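Work through the following exercises with the sequence and the model side by side, and try each task before reading its solution.

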Amino acid sequence: MTEILVSDVNLNSVCEHLEQQCCLEHNQHNRSSQPQTPVLKRHTNTGAKLWGHVRSKLLRQKLDPQTVQSKNWHMDVIEMNGIKVEFSMKFTSRDLSLKRTPSKKQSGVFGVKINVVTKRERSKVPYIVRQCIEEVEKRGIDEVGIYRISGVATDIQALKAAFDTNTKDILVMLSDMDINAIAGTLKLYFRELPEPLLTDRLYPAFMEGIALSDPAAKENCMMHLLRSLPDPNLMTFLTLLEHLKRVAEKEPLNKMSLHNLATVFGPTLLRPSESESTKGQHITAASDIWSHDVMAQVQVLLYYLQHPPISFAELKRNTLYFSTDV
């Protein structure tokens with residue numbers, strides 16, 4: 001039996017864990033019950049189908065307000081082709097599951113402020129971001145569900161350790177690793193930043209800017225907010241932005257539209273600080289999961305993805321104009 005804590009952002013990893021667990025138990029059962037015969041192979045596509053059943057079950061429970069509001073563990077069983085998964089689960093608020101804590105690390109890249117990493121590397125964009133983007137564009141840009149489909153957790157952790165220790169084998173590892181693990185490593189890097197890429201300070205302004213109804217006012221506000229970002233954050237954001245646009249150009253092959261990519265990356269790049277989150281404590285637990293904030297975060301990234309190319313130099317030039325006009 002497996003116990004898991006399910007948040008509204010980790011369903012893929014939960015399902016992957018359950019599939020690995022049930023496959024292990026199934027093989028162990030075969031070895032113990034039939035020691036004189038080879039281990040039986042499970043039915044074709046059983047893992048994928050079971051994954052789908054588990055994910056569907058979790059999503060249905062996730063949408064049930066009674067289950068969401070309960071603080072108790074919920075028992076469930078899923079069975080297919082002789083594989084039986086028995087597990088208990090409970091839900092936790094996204095504010096807890098996505099909580100960022102300041103890092104005390106002096107080395108590595110995960111959990112370290114982006115300006116510290118770029119200064120140490122003497123680069124404008126962190127090496128991990130550049131290398132993961134390069135590898136995805138080299139052999140993963142046509143991959144169906146790129147950035148949406150989770151990579152294997154152990155592969156992602158191996159890449160994380162390699163980048164953190166600056167191992168010389170990182171380029172070889174990247175070339176040999178499953179492309180979804182590389183995409184997952186890039187997402188994990190942004191998720192583990194001590195502060196979101198678009199910063200805590202500017203979060204309320206981004207939420208106000210995307211809600212403006214006048215197109216000209218919205219354009220001025222959204223561009224001004226980009227100019228307000230620290231240089232390492234802005235350069236990294238613009239680099240990721242252009243990469244995601246190139247991924248979306250292959251939508252007929254990879255099925256990843258601009259909106260799909262904004263849904264994947266928006267809540268990671270732009271999230272409320274702990275102080276901002278406490279302002280909405282009156283919101284019910286059910287609505288907290290599908291909060292209006294998440295929708296706005298997606299819309300912010302989508303706005304920039306749909307915008308014509310944004311130049312770092314042009315943004316900085318306009319900053320100079322603003323300062324001299326005052």
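A disulfide is a pair of cysteine sulfur atoms within 2.5 Å. The model is a predicted one, in which local features need pLDDT of at least 70 and side-chain atom pairs count only at pLDDT 80 or more, while totals for chains, interfaces and linings use all residues. Residues are numbered from 1 along each chain as its sequence is written, and side-chain values use heavy atoms, with hydrogens and water left out.

**Exercise 1.** Find how many disulfides the structure holds, and state whether Cys132 is buried or exposed.

Solution. The structure holds zero disulfides. For the second step, buried means under 20% relative accessible area, exposed over 50% and partly exposed in between, with a 1.4 Å probe and protein chains only. Cys132 has a relative accessible area of 0% and is therefore buried, whereas Cys221, at 23%, counts as partly exposed.

**Exercise 2.** Classify the pair formed by Phe110 and Tyr189, and say which parts of the chain it ties together.

Solution. Rings of Phe, Tyr and Trp (its six-membered ring) pair if their centres lie within 6.5 Å; planes under 30 degrees apart count as stacked, over 60 as edge-to-face and the rest as tilted. The search of the whole structure finds seven aromatic pairs. In one of them, the ring centres of Phe110 and Tyr189 are 5.9 Å apart and the planes stand at 85°, so this pair is edge-to-face. Helices (H or I, at least four residues) and strands (E, at least two) are DSSP runs, numbered from the N terminus. Because Phe110 lies in the loop between helix 4 (94-97) and helix 5 (114-121) and Tyr189 in helix 9 (residues 179-191), the pair ties together parts that are 79 residues apart in sequence. Both Phe110 and Tyr189 are buried.
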